[in-house]
Amino acid sequence: MQWEAVIGLEVHVQLATQSKIFSGASTAFGAEPNTQACAVDLGLPGVLPVLNEGAVAMAVKFGLGINAEIPETSVFDRKNYFYPDLPKGYQTSQMYQPIVGPGEVEITLDDGTTKRIRVHHAHLEEDAGKSLHEDFHGMTGIDLNRAGTPLLEIVSEPDLRSAREAAAYLKAIHAIVTYLGISDGNMAEGSMRCDVNVSVRPKGQETLGTRAEIKNVNSFRFVEKAIAHEIERQVELIEDGGTVVQETRLYDPEADETRSMRTKEEANDYRYFPCPDLLPVVLDQAYVDHLRATLPELPAEKRARFQDELGLSAYDASVLASSRAMAEYFEAVKDVCGDAKLAANWVQVELAGRLNKEGLDIADSPVTAEQLGGLVARVKDETINGKAAKQVFAALWDGEGESADAIIEARGLKQVTDTGAIEAMIDQVIADSPVQVAQYREAAPEKRGKMIGYFVGQVMKASRGTANPQQVNALLKDKLDNA
Amino acid sequence: MALEPEDVRRAAHLARLGLDDREAARYVDDLSRILEMVDRLQAVDTQGVAPLAHPLDATQRLRADEVTESDQRERFQRCAPAVENGLYLVPRVVE
C-alpha cells in the first residue's frame with residue numbers, strides 16, 4: 001500500500017518588539033527573574049491591557065509579505081486555562097477574527113522547484129511565563145518575564161506532504177520573518193516554536209486520516225526527524241491492524257521518537273470568548289498601505305530576480321536568497337566585481353565553506369563583502385589565477401591585508417601570462433626531469449593526459465602559483481609532444 | 001435547557017471552584033434559569049446581524065512600542081506567599 005502524509009504546521013514567532021504586547025514592560029532576553037513582569041503581566045486586579053502598535057505593525061507586515069488579506073477588524077479573545085505561568089487564568093489570543101487572513105508561502109523543494117503552501121491565518125497572542133521544576137523544597141518556581149511577550153501564530157493549511165516539505169516551509173517562514181525584521185528567528189532561544197499536525201492516508205484517498213499533534217518542535221532538523229518518525233509510526237500502526245488516536249505527542253530528540261502526552265478525552269476546554277478589556281482593532285487602509293510601502297524585497301522575489309535577471313541557477317538563487325544577510329552580502333560582492341555568477345560561486349563555495357568550518361554566521365564574516373568583491377574582480381580580469389585567489393582569500397580571512405589588491409601586490413601573486421617567462425620555466429623543468437620526460441614520450445598518447453599533471457605541478461611550483469595554468473598546459477604539451 | 005449536577009461539577013472544575021453538594025444543587029437551579037434566558041435569546045432571528053465583539057461602539061487605541069515600566073519586583077513580591085531567588089514559588093506542577 002502506498003501511503004501519503006498530510007501535514008500542517010502551527011508556527012509561533014516571537015515578535016521583535018521592545019515592549020510587551022499589552023504592557024510597557026521590556027521584552028529583553030536574559031534578565032533576572034520577574035524584573036520585567038509588571039502589574040499587567042502579573043494580572044493584578046484593576047489593570048487594563050493596551051495593545052502595542054509595534055506588534056500590530058509586525059503582524060500586518062507578515063500578512064502583506066505572504067499576500068494575505070488584512071481584515072479591517074480583528075478581535076482578541078480569552079483562551080481560558082489554569083497554569084501557574086499564566087497568572088491571569090487566560091491567554092489573550094485571537095480565535096475568531098485574526099489580524100491576518102488567508103495567504104500563501106512559497107517553498108523550494110530539493111529539486112529546485114517551488115510549491116505554494118496556503119496559510120489559513122495568523123493571529124496575535126501573548127506568551128506565557130516559565131516554570132522551573134528544579135527542586136525548590138518541593139515547589140515550582142515561576143518566572144513571568146516572558147509573560148506578555150508578543151507572538152504571531154502562523155497556521156498553515158494541511159498542504160505539506162513530507163517531512164522535507166515541512167522543514168522547507170519552516171525555513172521559508174524563518175526567512176520571511178527575518179527579512180521583514182519582525183523576529184530574530186533565534187530557535188535556540190525559543191523565538192520560533194512549532195507544533196505539527198500529522199496524519200496519513202492511502203495515496204489517492206480524499207478523506208483525511210486521524211491526526212496526531214506533536215508539540216514544541218524547536219529546530220529545523222528536529223521538525224524533519226519528528227515528522228518522519230511520526231509518519232512511520234502511524235503507517236506501521238495501521239498496517240498492523242491498529243488505529244491512530246487523536247492525541248498530543250511530544251518529540252524526544254534523544255530517543256528519536258514521539259511519546260503520547262494526552263489524549264483528546266482529557267483535552268482542555270478553553271471556553272473562548274471575546275476579551276472585554278480590549279476593543280476591536282480596526283486598521284484603516286492608509287495604515288496598511290503605509291506598512292506595505294516599507295516592505296523589503298522578500299525571499300521569493302529575490303530568488304526570482306536572481307534567476308531571471310542575474311542568470312543564476314534555481315539552486316544558487318534559492319541558497320543565496322535564503323537569508324537576508326546572505327542575499328545582501330552576495331549582492332554587495334556582485335556590485336563590486338560585476339559578475340553575478342562568479343560572485344555566487346565565491347560566496348557559496350569559498351566563503352560559506354570557511355564560515356561553516358569555523359561555525360560563524362555570515363554577519364560575523366572576517367572578510368567583508370567589499371573585500372571579497374575586490375578579490376573576485378581580480379579573478380574576473382585574470383590578474384590572478386584560481387590558486388592565487390585562494391591564497392588571497394585566506395590572507396583576507398586572517399586579516400593579513402586590507403584589500404585583495406594590496407595582498408596581490410605585497411606577495412607578488414600577479415598572474416604570469418608572459419609566454420617567454422613561462423617558456424623559460426618550462427624549459428628548466430624539462431631539463432631537470434629527464435626520467436619523467438622519457439617516460440612521457442614512451443607512453444601511448446591517451447595516457448599522456450594524466451602524466452602531464454606532474455610537469456604542470458612543477459611549473460606552477462616554480463612560478464609560486466602565479467603562472468596562468470591554461471598557458472602552462474598548452475605550452476608544455478607543445479614542447480613535450482613536439483620536441 | 002436544564003443542567004444536570006454533573007454539568008455544574010464540570011464547569012466548577014474548569015473554573016477551579018470547590019462546590020459542596022448543597023452549593024452544587026443551588027447552582028443547578030441558578031444556572032439552568034440563566035440558560036433558559038439564553039434559550040429565549042437564541043430564538044431571536046439574527047440572520048444578517050454581525051456578532052458583537054464589544055458593547056462599546058469604539059475601537060482599540062494603540063500604544064507606541066516603548067518600555068515604560070521599571071522593575072518593581074520587590075514591591076510585587078511582598079504580597080506573594082513564597083518567593084526564592086526572585087521566583088514566585090507555587091505548589092509543584094506535575095504535567
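Buried, in this report, means under 20% relative accessible area, exposed means over 50%, and partly exposed is anything in between, using a 1.4 Å probe and protein chains only. This is a predicted model, where local features need pLDDT of at least 70, side-chain atom pairs count only at pLDDT 80 or more, and totals for chains, interfaces and linings use all residues. Residues are numbered from 1 along each chain as its sequence is written, chains are lettered from A and ligands numbered from 1 in the order in which they are written, and side-chain values use heavy atoms, with hydrogens and water left out.

**Aromatic rings**

Let's start with the rings. Over all chains, there are 10 aromatic pairs; rings of Phe, Tyr and Trp (its six-membered ring) pair if their centres lie within 6.5 Å, with planes under 30 degrees apart called stacked, over 60 edge-to-face and the rest tilted. Here are two of the pairs.

| Pair | Centre to centre | Angle between planes | Class |
|---|---|---|---|
| Tyr270(A) and Tyr272(A) | 6.2 Å | 70° | edge-to-face |
| Phe393(A) and Trp397(A) | 6.2 Å | 45° | tilted |

Phe393(A) and Trp397(A) are both buried. They sit four residues apart in helix α11 (residues 386–397) of chain A, so about one helical turn separates them. Helices (H or I, at least four residues) and strands (E, at least two) are DSSP runs, numbered from the N terminus.

Elsewhere, Lys171(A) has its charged end over the ring of Phe220(A), 5.8 Å from the ring centre.

**A sheet across two chains**

Next, the strands. Chains A and B share an open sheet of four strands, ordered β8(A)-β9(A)-β3(B)-β2(B) with antiparallel pairing. Two strands pair if DSSP finds at least two bridges between them. At the edges are β8 (130–136) of chain A and β2 of chain B, each pairing on one side only.

The link between the chains is made by β9 (residues 139–143) of chain A and β3(B), which pair in the antiparallel sense over four bridges. Along it, Gly141(A) stands opposite Leu89(B), and Ile142(A) faces Tyr88(B). Strand β3 (residues 87–91) of chain B is mostly covered, with four of its five residues buried.

On the chain B side, two bridges join β2 (residues 83–84) to β3(B), again antiparallel. Glu84(B) has Leu87(B) as its bridge partner there. This hairpin has two residues between its strands, and Asn85(B) takes a positive phi near 50°.

Conventions
A charge sits over a ring if NZ of Lys or CZ of Arg is within 6 Å of the ring centre and within 35 degrees of the ring normal.
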